[in-house]
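Welcome! Take a look at the sequence and the structure below, and then we will walk through a few of their features together.

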Amino acid sequence: VQLQASGGGLVQAGGSLRLSCEPSGLTFRTFSDYAVGWFRQAPGKEREFVAGISRSTRALSYADSVKGRFIISTDASKSTVNLQMNRLNPEDTAVYYCAATARGPYNGNYERMADYQYWGQGTQVTVSS
């Protein structure tokens, strides 16, 4: 299963972007349950958790740095997981990756990258000041 992350681009500080994560080859509905996490990696920094959601529990989790600005959601009709990013600032500049796990956890503890079996190729988000 390949994940396609899209929606990145260049935006001014204070602006918004909407990222989407869509599997290719299969759909999220193929899995009896799944969780999707968004991560990001800025130049010279380690990849970090941004947000996560599970299909079954709908438990949400956000990094403190994006709480109140980013919203993760699922779109069952399109089989995508979206990340709405508002009030962007230059510190949000990074390559954003989506990842999926069909083995859990589904309880909101989505931060551990080793839990994810599937990863997307990343989409660049650049926020200018």
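Let us start with serine 54, which lies in strand β5 of this predicted model. Is this residue, serine 54, buried or exposed? Serine 54 has a relative accessible area of 0%, so it counts as buried, a word that applies under 20%.

**Around serine 54**
- The side chain of serine 54 reaches out to the backbone oxygen of tyrosine 106, at 3.3 Å.
- Leaving aside residues up to four places away in sequence, serine 54 touches Tyr34, Ala35, Ala59, Tyr106 and Tyr110.

**The nonpolar core**
- How many residues does the largest nonpolar core have? There are 37 residues in this core, and Phe28, Trp38, Leu83, Met85 and Tyr96 are those with the most contacts inside it.
- Several elements give two or more residues to this core, including β1 (2–6), β3 (17–24), β5 (48–54) and β9 (94–101).
- Strand β9 provides the largest share of the core, five residues.

**The open sheet**
- Four strands make up an open sheet, and their order is β1-β3-β8-β7 with antiparallel pairing.
- Which strands sit at the edges? They are β1 and β7, as each pairs on one side only.
- From one strand to the next, the twist averages 20 degrees.
- Strands of a sheet pair through backbone hydrogen bonds, in either a parallel or an antiparallel way.
- β1 and β3 run antiparallel and are joined by five bridges.
- Glutamine 2 has serine 24, in β3, as its bridge partner.

Terms used. Residues are numbered from 1 along each chain as its sequence is written. This is a predicted model: local features need pLDDT of at least 70, side-chain atom pairs count only at pLDDT 80 or more; totals for chains, interfaces and linings use all residues. Side-chain values use heavy atoms; hydrogens and water are left out. A nonpolar core is a set of buried Ala, Val, Leu, Ile, Met, Phe, Trp, Tyr and Cys residues joined through side-chain atoms within 4.5 Å. Buried means under 20% relative accessible area, exposed over 50%, partly exposed in between (1.4 Å probe, protein chains only). Two strands pair if DSSP finds at least two bridges between them. Axes are lines fitted to C-alpha atoms, for helices over the stretch in contact, and angles run from 0 to 180 degrees between N-to-C directions. A polar contact is a pair of N or O atoms within 3.5 Å; within protein, one must be able to donate a hydrogen and the other to accept it, and residues adjacent in sequence count only if both atoms are side-chain atoms. Contact means heavy atoms within 4.5 Å.
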